[in-house]
Amino acid sequence: MGVTLNRFNRIYHQFVHCVILALALTAGGLAYGQQTPDDNLTPLFASLSQARLSKVAAILEEIERVGGDTVLPLFETMLNGDLYYYEDQPQRLVKAVRNADRDYDIYDIFSGEALGTESRQSIDKIKVNNRLRRQLRQAISRINLNSSDATVRLKAVNNMFGGVDEDTVSLLEDRQKIENDKAVLNALFQTLALFRLQHSDDDQERIAAIEILSGHLDPMVRNELTSLLEKEDGQYIEQNPELIAAAEKSLREIKSRLSIFRGIEQLFFGLSMGSVFLLAAIGLAITFGVMGVINMAHGEMMMLGAYTAYVVQQVLPNYIEYSILIAIPASFLVAGLVGVAIERGIIQFLKGRPLETLLATFGVSLILQQAVRSIFSPLNRQVVTPEWLSGSLEINSALSITYNRLYILLFALLVFAAVQLVMKYTSLGLNVRAVSQNRSMAKAMGIKTEWVDAMTFGLGSGIAGVAGVALSQLTNVGPNLGQAYIIDSFMVVVFGGVGNLLGTVVGGFTLGIANKFLEPATGAVMAKILILIFIILFIQRRPKGLFPQKGRAAND
Amino acid sequence: MTNFAETLGKFRLSANDKTSFVAVLFCFTLLAAMGNLLIPEGSALHVSTYTITLLGKYLCFALLALSVDVIWGYCGILSLGQGAFFALGGYGMGMYLMRQIGDRGVYGNPILPDFMVFLNWSELPWFWLGFDQFWFAMLMAVFVPGLLAFVFGWLAFRSRVTGVYLSIMTQALTYALLLAFFRNEMGFGGNNGLTDFKDILGFDLQSDTTRVVLFMITAAILAAAYVLSRMIMDSRFGRVLLTIRDAESRARFIGFKTERYQVALFVYSAILAAMAGIMYVPQVGIINPGEFAPLNSIEIVVWVAVGGRGTLYGAVIGALLVNYAKTRFTAVLPDGWLFALGALFVYVTIFLPQGLVGWVNKRFKSQEAAA
């Protein structure tokens with residue numbers, strides 16, 4: 001026993017040493033990567049801070065020649081006007097940013113390390129004018145364009161797209177000759193093509209440029225081509241018919257590509273809306289579809305979930321990033337327990353009287369709404385979106401997808417899969433299905449139907465609570481949160497077919513996508529109205545929904 | 001408690017026939033009206049115009065509750081969209097009253113209501129034409145909800161959409177209308193609705209006499225609706241309805257075309273609701289899309305549930321009691337009203353499945369048995 005422990009101890013120590021060593025190496029590597037500048041630069045820095053404005057240009061050239069691409073942060077800082085020097089040490093250049101106390105926060109230019117604060121008196125700014133700014137911009141582009149990293153080059157070229165002038169064009173042309181990375185080369189071609197389209201006098205060159213730019217999605221290209229095709233008195237201002245034909249063809253190409261991306265975007269919005277519908281409806285599909293209980297307080301379960309997310313963030317203000325992960329199980333528990341309480345306290349006394357259940361649970365929803373209003377005030381509460389959920393995934397200039405919608409879509413599918421697993425592969429699921437198919441037979445087989453009812457209702461409510469957490473990332477959290485979704489959720493369940501979880505998924509996504517594709521033509525509200533009317537008519541045609549439950553259990 | 005039950009029990013006996021319901025309503029209306037018009041202000045017996053308007057509103061709600069009881073109590077159709085028919089009727093009346101404003105609006109346009117001038121509309125939309133004629137407006141205010149009920153009911157009952165499904169669908173219907181009427185483009189005043197009414201058939205809406213007359217007309221309509229509903233329920237038609245309520249499939253197997261009965265009743269109920277809306281708007285002075293809110297429709301159902309469904313007078317009593325409670329409650333404890341209403345929903349459904357009337361009846365019967 002003692003020996004093993006010792007060995008373990010030794011291994012443990014070795015492990016710790018390894019980790020420390022690795023960390024040290026990484027840190028060293030990072031420091032190395034930051035490219036601290038050459039000592040040869042120090043006198044140049046001193047002259048930069050002392051020189052007259054007219055001499056600065058030459059000094060900058062010298063700095064670039066000596067320092068190479070290590071001076072990039074210096075140039076960027078100077079371009080932003082944040083470059084300062086210490087009055088008593090003119091060779092010491094720093095980045096200084098004015099803070100709330102009207103002092104300056106000092107940072108090392110190259111490492112970005114904070115160096116404390118200084119008062120206005122001890123540092124002085126290195127002045128820049130427009131001419132120098134242009135020179136700096138060029139130098140920065142030159143450094144980036146000649147960077148050894150292809151992604152840096154690509155970014156540099158893309159940043160210059162549409163902003164090329166006479167000075168930078170030669171830089172690009174030089175680079176084009178030696179560039180070997182395909183993506184960068186392509187970007188170079190396009191950037192130069194736009195420049196030629198804008199400035200060249202040679203029509204052949206412009207036609208070639210148009211061909212290169214064909215299908216490019218940047219709005220600048222579209223504007224340029226549209227202005228080329230401008231008409232006056234029904235006649236093209238542009239004289240060359242070849243040029244007009246090329247521009248028209250290119251513009252058509254761009255428009256068709258744009259409409260494809262717009263379609264994809266709409267599809268995504270539709271899926272996103274569908275995922276919200278799905279999340280809201282899964283719980284209902286369990287309580288209504290499987291148990292046959294109309295729970296009008298379902299929306300309020302979502303509201304409780306959303307408020308749980310809010311409370312979790314209030315309790316743990318320092319862990320906003322992880323609060324959602326805590327809020328999901330917490331809201332499941334809160335809403336689930338309230339659900340069990342409702343089932344035990346009210347619904348079990350109303351077995352077989354669905355209309356009365358509807359009324360009683362509606363009463364519960366009123367009480368819950370008012371309770372939340374009394375506790376948290378009737379105003380909306382803000383649930384902070386963690387960093388990793390905000391922002392968007394830019395696919396190209398015509399299509400970007402926000403992360404929160406993407407995650408909610410994935411989350412909805414995940415929740416659905418989890419519910420399916422519970423229903424198919426756990427004893428609870430087996431019992432639930434048995435009770436929903438034939439209550440008295442299930443009871444005769446020894447299933448505690450009362451317990452199963454409570455658990456099922458708790459599960460459905462808990463999932464509604466989890467849906468509330470997801471909603472808190474999309475909309476305002478207020479006492480009326482649930483009401484806004486209750487009718488939609490019922491529509492989804494009824495449309496998909498009661499008692500069929502897969503039908504709920506199909507129903508949710510169909511309605512979401514249909515809604516989003518109608519919206520551009522009719523407006524958001526009208527789209528919703530049309531969908532409602534459609535469902536009302538659809539139910540008249542197929543009263544059991546898209547996927548009716550088959551078998552004797554479905555007949556009353 | 002026993003005394004209370006006894007008194008109510010007597011009322012139950014007398015209210016079972018039409019004449020006593022009408023008599024009670026008539027006396028009540030007459031007393032209130034005389035209290036307002038004949039007894040001078042300052043007297044302890046004077047009934048203020050505010051109270052008259054409030055009572056008129058209650059009577060509209062009673063009529064609305066009656067319309068729900070007709071379908072829910074007698075045919076088992078729980079409509080959660082009754083407010084839609086009420087609001088449509090109200091909008092019909094509102095449109096007439098809007099046109100009566102004439103050039104007295106803020107913008108002084110003789111044809112266009114203020115909100116249309118505000119939206120820069122140049123002419124009256126086609127569906128507003130004719131609403132300056134009282135008879136036409138009233139006809140439309142009843143016809144449109146009736147038609148909607150007919151189309152919806154015909155589609156639904158023919159496909160045998162009943163029970164909970166029908167409830168949810170009616171709720172979706174009123175929700176869709178709520179969204180639609182909130183839109184400015186619809187031409188019904190958007191979320192502000194229709195308001196600022198001046199007069200009706202040349203009578204000033206603000207005057208005491210007009211108020212009292214409106215109140216009395218409401219009472220008369222309620223009485224007529226009650227008598228008519230009672231006659232329908234006592235007829236062969238009504239007995240078929242009860243059969244459908246209790247055993248729809250059997251009724252169908254015997255050979256009744258159940259959907260025809262259901263549609264006819266649904267339309268009748270919608271028309272009653274529309275009439276309630278028609279009388280509601282001139283007394284309250286505004287109609288806006290909020291009346292379409294699903295919550296309102298569900299509240300009506302609770303009035304009926306509290307009073308006791310399937311009795312007609314139970315619905316009237318329920319509507320009066322709950323609304324009186326609401327008026328008192330919201331004045332004293334505004335935050336508490338939703339708690340009380342919610343608790344009422346739960347309490348009534350669990351402990352008073354037959355409502356107050358059913359509870360009283362049971363007490364009375366057990367007393368009879370004991371005596």
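The model as a whole scores an ipTM of 0.83 and a pTM of 0.78. For chain A the mean pLDDT is 82, and 92% of the residues in that chain reach 70 or more, while chain B averages a pLDDT of 88, with 95% of its residues scoring at least 70. Within chain A, confidence is lowest in helix H1 (residues 2-33), where the mean is 49, and highest in helix H12 (residues 298-315), where the value is 93. Within chain B, the lowest confidence again belongs to a helix numbered H1, here residues 2-15 with a mean of 52, and the highest to helix H11 (residues 258-284), at 95. Where pLDDT is low, the predicted coordinates should not be read in detail.

Turning to the strands of chain A, 5 of them form an open sheet in the order E4-E3-E2-E1-E5, and the pairing in this sheet is antiparallel. The edges of the sheet are strand E4 (114-118) and strand E5 (123-125) of chain A, each of which pairs on one side only. From one strand to the next, the twist averages 40°. At the E5 end of the order, strand E1 (residues 83-86) of chain A runs antiparallel to E5(A) and is joined to that strand by 3 bridges; A:Tyr85, for example, has A:Asp124 in E5(A) as its bridge partner.

Another pair of strands in chain A consists of strand E8 (residues 392-396) and strand E9 (residues 399-402), which pair in the antiparallel sense over 4 bridges. These two strands, E8(A) and E9(A), form a hairpin with 2 residues between them, and A:Asn396 stands opposite A:Leu399 in E9(A).

The packing of helices can be followed in both chains. Two packed helices are described by the angle between their axes and the distance between the axes. In chain B, the axes of helix H3 (residues 49-75) and helix H8 (residues 208-234) come within 9 Å and cross at roughly 15°, and H3(B) and H8(B) are therefore roughly parallel to each other. H3(B) passes H8(B) in a left-handed crossing, and the contact of these two helices has, by class, 18 nonpolar, 5 polar and 2 charged residues.

In chain A, H19(A) and helix H20 (residues 501-522) pack with their axes 8 Å apart and at an angle of about 120°, which makes H19(A) oblique to H20(A). The crossing in which H19(A) passes H20(A) is right-handed. On the side of H19(A), the residues in contact are A:Met491, A:Val492, A:Val493, A:Phe495 and A:Gly496, and these meet A:Gly503, A:Thr504, A:Val506, A:Gly507, A:Gly508 and A:Leu511 in H20(A). By class, the residues of this contact divide into 6 nonpolar, 5 polar and no charged.

The contact between the two chains takes 33 residues from chain A and 37 residues from chain B. On the side of chain A that touches chain B, the elements that give two or more residues are helix H14 (354-376), helix H19 (481-496) and helix H21 (524-541) of chain A. Of these, H14(A) provides the largest share, 14 residues. Sorted by class, this side of chain A has 25 nonpolar, 5 polar and 3 charged residues.

H14(A) also packs against a helix of the other chain, namely helix H14 (residues 336-351) of chain B, at an angle of about 155° and with the axes 8 Å apart. That angle makes H14(A) roughly antiparallel to H14(B), and the crossing of the two helices is left-handed. Among the residues that make this contact are A:Leu359, A:Phe362, A:Leu366 and A:Ile367 of H14(A), together with B:Leu338, B:Phe339, B:Leu341 and B:Phe345 of H14(B). The residues of the contact between H14(A) and H14(B) divide into 14 nonpolar, 5 polar and 1 charged.

Notes: Residues numbered from 1 in each chain as written. Chains lettered and ligands numbered in written order. Predicted model: local features only at pLDDT ≥ 70, side-chain atom pairs only at ≥ 80, totals over all residues. Pairing = 2+ DSSP bridges. Axes fitted to C-alpha atoms, helices over the stretch in contact; angles between N-to-C directions. Contact = placed C-beta atoms within 7 Å. Nonpolar A, V, L, I, M, F, W, Y, C, P; charged D, E, K, R; others polar. pLDDT = per-residue confidence, 0-100. Parallel < 35°, antiparallel > 145°, perpendicular 65-115°, else oblique. Left-handed = near helix turned anticlockwise from the far one by under 90°.
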